[in-house]
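Open the model in your viewer and keep the selection panel at hand. This tour goes stop by stop: what to select, and what is there.

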Amino acid sequence: MDVTLHVWRQKNAKAKGAMEVIEGKDISEHSSFLEMLDTVNETLLSKGQEPIAFDHDCREGICGACSLVINGEPHGPEYGTTTCQLHMRSFKNGQHIFIEPWRAKAFPVIRDLVVDREAFDRIQQAGGFVSVNVGSPQDANCLPIAKQDADKAFDAAVCIGCGACVAACKNASPMLFVAAKVSQLALLPQGQPERESRVLAMVDQMKKEGFGNCSNQYECEAACPKEISVEHIARMNREYLRASFLEEAPKAGHGGD
Amino acid sequence: MILDSKVPSGDLADKWEDHKFHMKLINPANRRKHDIIVIGSGLAGASAAATLGGLGYNVSCFCFQDSPRRAHSIAAQGGINAAKNYQGDGDSVHRLFYDTIKGGDFRAREANVHRLAEVSRNIIDQCVAQGVPFARDYGGLLDNRSFGGAQVSRTFYARGQTGQQLLLGAYSALNREISRGTVKMYSRKEMLEIVLVDGKARGVIIRDLVTGEITTHSGDAVIMATGGYGNVFYLSTNAKGCNVTASWRAHKKGAGFANPCYTQIHPTCIPVSGDYQSKLTLMSESLRNDGRVWVPSKKGDTRSAFEIPEAERDYYLERKYPSYGNLAPRDIASRSAKEACDAGLGVGPGGLGVYLDFADAIKRVGEDGIKKKYGNLFHMYQKITAENPYKAPMRIYPAVHYTMGGLWVDYNLMSNIPGLFVLGEANFSDHGANRLGASALMQGLADGYFVVPFTLANYIASEKLNKVKTTDAPFTEAANAVKERTQKFLSIKGGRSVDSFHKELGQVMWDKCGMARDKAGLEAAIVKIPKLREEFWQNVKVLGENENLNQSLERAGRVADFLEFGELMCQDALHREESCGGHFRSEHQTEDGEAKRNDEQFCYVGVWEHKGDGKKAELNKEPLEFTDVKLATRSYK
Ligand SMILES: Cc1cc2nc3c(=O)[nH]c(=O)nc-3n(C[C@H](O)[C@H](O)[C@H](O)COP(=O)(O)OP(=O)(O)OC[C@H]3O[C@@H](n4cnc5c(N)ncnc54)[C@H](O)[C@@H]3O)c2cc1C
Ligand code: SF4
Ligand code: FES
């Protein structure tokens with residue numbers, strides 16, 4: 001099949017970018033979207049033009065590296081699918097396809113379709129962990145966890161950190177991403193000791209990074225390739241309120257010896 | 001090359017405990033004075049960096065992806081082994097040890113494997129403490145499944161994405177250390193050279209993939225946890241970025257490369273569908289818990305799977321290996337699939353496929369039951385093939401998956417270059433000639449959480465390490481070499497893309513050094529590869545510049561290294577005149593087509609030493625001694 005691509009090209013963070021029209025000829029409908037770009041890149045190269053830069057690694061929907069807003073939709077038209085899992089059979093012969101990077105102030109473009117998502121790492125560094133040293137923790141089965149809690153925590157834990165939720169949101173809010181981690185750990189006993197400090201720190205970092213706020217549009221849920229539910233945002237909001245309240249309450253001082 | 005395995009004396013079961021007691025420690029206040037460089041943020045690298053940071057060392061950690069969370073370990077599906085015996089089905093440390101040694105076709109070092117089995121139990125405890133959501137049963141306790149090459153249920157899992165959950169656990173531990181300031185993380189950075197001072201590993205040269213800037217970093221030790229080299233075949237189940245560069249650069253500076261020909265071809269992957277294809281997708285081995293593998297018993301049977309009655313199907317694994325059945329180890333299951341297809345019994349386009357059928361399991365537990373266990377895998381299969389695996393059997397075929405070979409390390413996981421430690425898939429240490437399913441995750445985390453923190457301290461405490469500066473000659477020379485090489489790629493301005501070279505090399509490797517190898521084929525490859533390499537250096541086309549993100553330039557460096565490494569792999573395969581595990585030499589098989597080992601002559605680790613560009617590498621041998629298990633012919637019948 002043949003397709004006409006309209007691709008965002010931008011040499012580096014400082015350069016000005018623009019949409020460029022590139023023809024994709026003789027594409028197999030069985031190839032994945034990224035394989036289509038590979039094919040187009042080989043053609044560009046043979047004509048002495050620089051290939052289109054895009055992020056990818058696992059190409060099976062789990063590493064979260066691939067991105068792309070395709071015809072206005074993050075990760076393209078298929079529900080619950082990353083760009084790398086999208087196949088050309090979802091498009092029509094002769095179709096015009098618009099390909100753009102994630103757009104958000106906190107995700108500056110590095111080149112073409114590649115953006116800088118380190119803000120996500122910094123949000124996780126602010127509190128997305130359980131403080132436990134490596135050594136000799138208790139036997140794993142000393143901590144039974146009800147299956148339904150474990151399953152619910154798991155549904156949040158599947159976030160791949162791709163950033164589609166931000167790209168889909170008109171406020172560029174990463175609430176779904178942040179909520180996925182807060183929710184996972186709030187649902188598990190291991191997460192309890194740092195339950196309050198975690199949510200406060202992560203939300204605080206999210207604000208510092210220049211992301212927008214959530215106004216309950218829920219575009220994120222529709223774009224999330226892992227189908228993470230906005231239920232987790234609701235839980236995070238409750239966690240945040242609860243933590244803010246508890247933080248204000250007077251604390252017992254630490255004793256020395 | 002001196003290959004001292006440094007295996008401690010004493011009883012096998014006591015070695016590690018004794019060794020830990022005798023190793024030197026570094027006092028907590030002094031640890032922060034030691035800079036440690038960790039290359040890689042997969043399970044092995046992230047766990048090592050987090051643990052060393054937690055202990056108080058000053059750690060720098062590098063990865064080429066845009067975030068440490070995206071290391072290839074994230075893609076592991078099926079599970080992680082541990083000798084917990086939670087199912088009470090007769091598992092023990094000794095059994096896991098024995099299964100791993102046997103699974104590896106008696107080509108691994110006993111003492112390392114025993115230690116792995118011992119610490120496997122701590123891994124599960126550690127991960128649960130971090131909040132890793134492993135699958136649980138209705139009583140709230142941890143659940144297990146079975147994997148190939150074992151008759152007990154010892155595999156812990158998190159749906160079909162165990163690697164993701166384990167890596168996110170290690171990533172969170174790493175994040176905690178980053179926030180405490182003990183680890184500094186560098187993403188989108190590629191290590192392109194290792195720096196030796198007085199023969200010891202003291203630093204690395206790093207290229208910033210966004211700006212092209214070359215920087216030098218020094219430390220008291222370098223840990224490489226840079227993953228496997230399966231992408232030498234171009235098509236594999238590995239992520240696109242996986243490469244041999246870090247290992248190869250270290251090899252060219254003197255590190256021995258052990259058993260490079262030991263490659264694992266995984267039996268259950270989605271078959272190749274066209275030449276646009278950029279990678280192959282694994283369907284986890286865990287599927288063989290419930291799926292039954294079969295082909296039509298008659299050649300040229302073009303009926304659809306439903307139309308073929310039971311009596312005209314050959315469930316060949318169940319027939320040939322009744323006691324393990326569909327859970328025969330990977331090398332055996334892959335070769336059996338190849339045999340069936342070579343005999344003209346394959347299904348699907350080109351006859352390169354066999355069925356993996358869930359009809360019986362679906363009858364037993366319903367579609368829902370199957371969905372709960374393998375939902376994401378079925379989803380993935382459907383996405384790629386546009387076929388519904390709940391309705392029709394999956395079609396699968398073997399694909400390159402894992403590399404057992406790697407840089408040689410001693411019992412302390414240190415290479416023959418003092419101060420260079422190698423962890424995870426990048427080393428050769430624990431899987432012999434074939435890795436059992438769910439053992440790579442175990443090894444990566446064992447190395448990073450529980451082994452290297454002790455052995456590295458012992459090294460630093462025992463060595464006299466002079467101060468080094470990144471302005472010293474060894475650093476500036478290595479940095480200049482990297483700059484020159486980068487410029488060279490850009491200046492060739494030839495006519496062929498990097499990918500076209502990579503594909504051609506991959507085809508040669510698959511044809512001549514793949515599932516079955518023979519002398520003539522390997523010799524032909526050893527002639528072909530240098531020619532291709534020569535053409536590459538004259539005719540590769542890399543556009544753009546060094547100073548912007550340049551993905552062709554990144555790949556050029558990796559493919560250039562594969563073009564050298566591929567030849568060494570073939571050389572190793574050629575010299576090993578026996579069949580063992582994943583290394584199958586057609587000349588060496590039993591009457592019924594099983595691998596025929598030659599313990600008299602080949603019971604050793606083959607370690608290659610670089611002798612200079614254009615010169616033949618030299619073979620060194622570390623003899624393998626078995627004191628606790630008897631060398632036996634592997635049987636899964
Ligand atoms: C699809 C798939 C499924 C699997 N499923 C299972 C399973 O169920 N159970 C199991 O036990 N095993 C499984 N495996 C195997 C297992 O996932 C890997 O062997 C293991 O995760 C490797 O971990 P690692 O830490 O050694 O390397 P990786 O996770 O590959 O990490 C390598 C790291 O090194 C970095 N790096 C590499 N080179 C450089 C460089 N030059 N400069 C800077 N950084 C560099 C990368 O950025 C990355 O961070 C699977 C493998 C695949 C392909
Ligand atoms: S919540 Fe969904 S869309 Fe957002 S980063 Fe995670 S996986 Fe991606
Ligand atoms: S490339 Fe890994 S999720 Fe798409």
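Select Lys363(B) first. This is a predicted model, and in it Lys363(B) has a relative accessible area of 70%, so this lysine is exposed.

Select Asp105(B), Arg107(B), Asp331(B), Arg576(B), Glu578(B), Arg597(B), Asp599(B) and Arg634(B) together: salt bridges that share partners join them into one network. How many salt bridges does a search of the whole structure find over all chains? The count is 74.

**Across the chains**

Next, select Asp155(A) and Arg159(B). Their side chains form a salt bridge at 3.2 Å, N to O. This pair crosses between chains. On one side, Asp155(A) belongs to helix 3 (residues 147-157) of chain A. On the other, Arg159(B) is in the loop between strand 4 (155-156) and helix 6 (162-180) of chain B. Color by accessibility. Asp155(A) is partly exposed at 36% relative accessibility, and Arg159(B) is partly exposed at 28%.

Move on to Glu196(A) and Arg242(A). Here the salt bridge is 2.8 Å, N to O. Glu196(A) is in helix 6 (residues 195-208) of chain A and Arg242(A) in helix 8 (residues 231-248) of chain A, so this bridge ties together parts 46 residues apart in sequence. Arg242(A) has a relative accessible area of 32%, which makes this arginine partly exposed.

**Chain A as a whole**

Zoom out to chain A. Its secondary structure comprises eight helices and seven strands. The C-alpha trace spans about 75 × 40 × 35 Å along its principal axes. Of the 257 residues in chain A, 57% are buried.

**Aromatic rings**

Switch to rings. Over all chains, the structure holds 30 aromatic pairs. Select Phe107(A) and Phe120(A): this aromatic pair is edge-to-face, with 5.2 Å centre to centre and 75° between the planes. Phe107(A) is in the loop between strand 5 (96-100) and strand 6 (109-111) of chain A, and Phe120(A) is in helix 2 (residues 118-127) of chain A, so the pair ties together parts 13 residues apart in sequence. Are Phe107(A) and Phe120(A) buried or exposed? Both are buried.

Return to chain B and pick Trp294(B) and Tyr355(B). Their ring centres are 4.7 Å apart and their planes are at 40°, so this pair is tilted. The pair links distant parts of the chain: Trp294(B) is in strand 12 (residues 292-296) and Tyr355(B) in strand 14 (residues 354-357), 61 residues apart. Both residues are buried.

**Last stop: a charged patch**

Select Asp11(B), Asp14(B), Asp18(B) and Asp628(B), which gather in a patch of negative charge on the surface. Center on Asp14(B). This residue is found in the segment before helix 1 (15-22) of chain B. With a relative accessible area of 37%, Asp14(B) is partly exposed.

Definitions and conventions
Residues numbered from 1 in each chain as written. Chains lettered and ligands numbered in written order. Predicted model: local features only at pLDDT ≥ 70, side-chain atom pairs only at ≥ 80, totals over all residues. Heavy atoms only, no water. Patch = residues over 30% accessible without salt bridge, like charges linked within 9 Å, V, L, I, M, F, W, Y side chains within 5 Å. Areas by Shrake-Rupley, 256 points an atom, 1.4 Å probe, with all protein chains shown as cover. Salt bridge = Lys/Arg side-chain N within 4 Å of Asp/Glu carboxyl O. Lys, Arg positive; Asp, Glu negative; His and termini not counted. Charge placed at Lys NZ, Arg CZ, Asp CG, Glu CD. Helix = DSSP H or I, 4+ residues; strand = E, 2+ residues; numbered from the N terminus. Buried < 20%, exposed > 50% of the residue type's maximum accessible area, 1.4 Å probe, protein only. Phe/Tyr/Trp six-rings, centres within 6.5 Å; stacked < 30°, edge-to-face > 60°.
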